[in-house]
Amino acid sequence: GSGFDDVESEGMADLRPHGFLLYDLAERSSNYFGTSLTFSDIRKEAFVNTQVRTLHQKASLLILEPSTCHNSDTESTDLPAKSSSYQEFYKTIQQLISQMQIPLIQHLINALYIGDDKEGIKIYAMSIVPQLISVSKTVHGYLQSMLIDNVGSYDAEKDFTNVMKALYSTLVPIG
C-alpha cells in the first residue's frame, strides 16, 4: 500500500489549531500521529519539539564560537572561511528547519483528510509545497494547482489518495 492505509482506516482526528504556535501544533499532531516521548507519568512532549529544542541549544552554542562567524586567523573583511564550526552550524540549522516542517506536514495531512477546512489546507500547503519544486517540478505543479491555486475544488473523498501519493513521492527523497 501507499503507507496511508492505516491512517485512513483509523480515522483522522480534527487537529485544527486553537492557536498557531509551532510548539502547540507539534504537541497536538504528536498525540494523533503517536510521536510523543514520555518522560514520566505527567510529562510527555512531541519528539519533534524535543529535537527542535536540542538543535536550538546546539546552534546557540555554535554561534558563540568565534570561528563560526568569522575567520579568526585573518583580519580580512572578506566572507568568513567555512570553518568546521561554521559547517556544523549550517548543518544544525538545516536539521532545525527540517524538524520544524514536521508538524506543518502533519497538519497538512490532517487538513487534507478532513477536507472541509480549505483555508487550513491552503495555509499548510503554502508552507510545504513551494519547497518541493527542487524535488519534482511536475509534482510541485500538481500540488500547487490542487492545494493552493484551486483549493476550493479539493474533494477529500476523491482527491486524498492521489494528493498523498504525490506528497509522499516528494518527501521520501528529502528524508
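1. A residue is called buried under 20% relative accessible area, exposed over 50%, and partly exposed in between, with a 1.4 Å probe and protein chains only. By that rule Ile-63 is partly exposed, because its relative accessibility is 37%. Ile-63 sits in helix α3, residues 47-64. Helices here are DSSP runs of H or I with at least four residues, strands are runs of E with at least two, and both are numbered from the N terminus.

2. On provenance: this is a predicted model, in which local features need pLDDT of at least 70 and side-chain atom pairs count only at pLDDT 80 or more, while totals for chains, interfaces and linings use all residues. Residues are numbered from 1 along each chain as its sequence is written, and side-chain values use heavy atoms, with hydrogens and water left out.

3. Overall layout. The chain has 8 helices and 2 strands, and their order along the sequence is α-α-β-β-α-α-α-α-α-α. Of the 175 residues in the chain, 35% are buried. With contact taken as heavy atoms within 4.5 Å, residues 24 or more positions apart make up 53% of the contacts that have a separation of 6 or more. The chain exposes about 10,600 Å², and 56% of that comes from carbon and sulfur atoms; these areas come from the Shrake-Rupley method with a 1.4 Å probe, and for residues only the protein chains shown count as cover.

4. Helix α3. The expected span of a helix is 1.5 Å times one less than its number of residues. The 18 residues of α3 should span 26 Å at 1.5 Å a residue, and the end C-alpha atoms are 26 Å apart, so the two values agree. The buried residues of α3 are Val-48, Asn-49, Thr-50, Leu-55, Ala-59 and Leu-62. Their cover includes α2, β1 (36-38), β2 (44-46), α4 (66-69) and α5.

5. Salt bridges. Side chains of opposite charge can pair when their charged atoms come close. The criterion used is a side-chain nitrogen of Lys or Arg within 4 Å of a carboxyl oxygen of Asp or Glu, and the structure holds 3 such salt bridges. The next three points take them in turn.

6. Asp-24 and Arg-28 form a salt bridge at 2.8 Å, N to O. Both residues lie in helix α2 (residues 22-33), 4 residues apart, which is about one turn of the helix. Asp-24 is partly exposed at 30% relative accessible area, whereas Arg-28 counts as buried at 18%.

7. Glu-45 pairs with Arg-53 in a salt bridge, also 2.8 Å from N to O. Glu-45 is buried, with a relative accessible area of 4%. Arg-53 is partly exposed at 36%.

8. Glu-88 and Lys-58 form a salt bridge whose closest N and O atoms are 2.5 Å apart. This pair links distant parts of the chain, since Glu-88 is in helix α5 (residues 84-114) and Lys-58 in helix α3, 30 residues apart. Glu-88 is partly exposed at 25% relative accessible area, and Lys-58 is partly exposed at 33%.

9. Aromatic pairs. Rings of Phe, Tyr and Trp (its six-membered ring) pair if their centres lie within 6.5 Å; planes under 30 degrees apart count as stacked, over 60 as edge-to-face, and the rest as tilted. The count is 2 aromatic pairs. The ring centres of Tyr-32 and Phe-33 are 5.3 Å apart with planes at 90°, so this pair is edge-to-face. Tyr-32 is partly exposed at 23%, and Phe-33 is partly exposed at 24%.

10. Tyr-113 and Phe-160 have ring centres 5.2 Å apart and planes at 85°, and are therefore edge-to-face. Tyr-113 in helix α5 and Phe-160 in helix α8 (residues 156-174) are 47 residues apart, so the pair links distant parts of the chain. Phe-160 is buried at 4% relative accessible area; Tyr-113 is partly exposed at 24%.

11. Helix α5. With 31 residues, α5 reaches 46 Å from its first C-alpha to its last, close to the 45 Å expected at 1.5 Å a residue.
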